[in-house]
Amino acid sequence: MEMVRVKTGIVELDKMLCGGFMERDAVLVAGSAGTGKSTLAVQYLVNGITQFGEKGIYVTFEQLPDQIYRDAKNFSWDLRAMEAENKFRMICTSPNLLLESNGGEHILDMPIREVQPRRIVIDSLSHLEMFIEKSDLRKEAYRLIMYLKSKGLSSILTWESGQMNGEPFR
């Protein structure tokens, strides 16, 4: 049985990953501020759209959409055009809203129905710490990941670590 891979469209990364991420996997990209986590995540979505015909959703808790659109423009990625073609959706929300479900309806249910993505990015899971007890963080992250997998999505989730050079990553 052949395992389906989701290519990132970044040649050397796909080569290193033996063809890409496993389909429906949730991949955590962790690093300090400014290391390129968000850029990698947006590139994963853009390449999905432009190279593989796979629509995507970008969920952000920190940056305002205008900043993300502007930064993407610097790489010649026209997210607004992709959004106008219903290939891309940007969702700027609060982590606590992502964790809630109103009467069984999750905040991502409607955008997923409308866009029908294969890829999703959650930027950044570390913001969950502001809204839930540290002891519940793993459980809530697991619940979110299982929700994404149940929707058939291959996801990248970012985590901002306060890691300093030479310190081990927790």
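Predicted model: local features only at pLDDT ≥ 70, side-chain atom pairs only at ≥ 80, totals over all residues.
On one face of helix 7, Arg-138, Lys-139, Tyr-142 and Ser-150 are exposed, where exposed means over 50% relative accessible area, buried under 20%, and partly exposed in between, with a 1.4 Å probe and protein chains only. Helices here are DSSP runs of H or I with at least four residues, strands are runs of E with at least two, and both are numbered from the N terminus. Residues are numbered from 1 along each chain as its sequence is written, and side-chain values use heavy atoms, with hydrogens and water left out.

To return to helix 7, its buried residues are Leu-137, Glu-140, Ala-141, Leu-144, Ile-145, Tyr-147 and Leu-148. They cover an arc of only 155° around the axis, taken from the directions from the helix axis to the C-beta atoms, which puts them on the same side of helix 7. What do these buried residues of helix 7 pack against? Their partners are strand 3 (26-31), helix 5 (95-99), strand 7 (105-106), helix 6 (109-115), strand 8 (119-123) and strand 9 (154-160), contact meaning heavy atoms within 4.5 Å. After helix 7 comes Gly-152, with a positive phi near 80°.

Strand 3 and strand 9 run parallel and are joined by six bridges. Within that pairing, Val-29 stands opposite Thr-158 in strand 9.

The buried residues of helix 2 include Ala-41, Val-42, Leu-45 and Ile-49. Just after helix 2, Gly-53 has a positive phi of about 65°.

Next, a loop residue. Gln-63 sits between strand 4 (56-60) and helix 3 (65-73), and is buried, with a relative accessible area of 17%. Apart from neighbours within four places in sequence, Gln-63 is in contact with Ser-38, Ile-68, Asp-71, Cys-92 and Asp-123.

Finally, the charged pairs. A salt bridge is a side-chain nitrogen of Lys or Arg within 4 Å of a carboxyl oxygen of Asp or Glu, and by this rule the count comes to 13. In one of them, Arg-118 pairs with Glu-23, the closest N and O atoms being 2.7 Å apart. Arg-118 lies in the loop between helix 6 and strand 8, and Glu-23 in the loop between strand 2 (21-22) and strand 3, so the pair ties together parts that are 95 residues apart in sequence. Arg-118 is partly exposed, at 32% relative accessible area. Another salt bridge joins Glu-114 and Arg-89, at 2.8 Å from N to O. Because Glu-114 lies in helix 6 and Arg-89 in strand 5 (residues 88-92), this pair ties together parts that are 25 residues apart in sequence.

Technical notes. Pairing = 2+ DSSP bridges.
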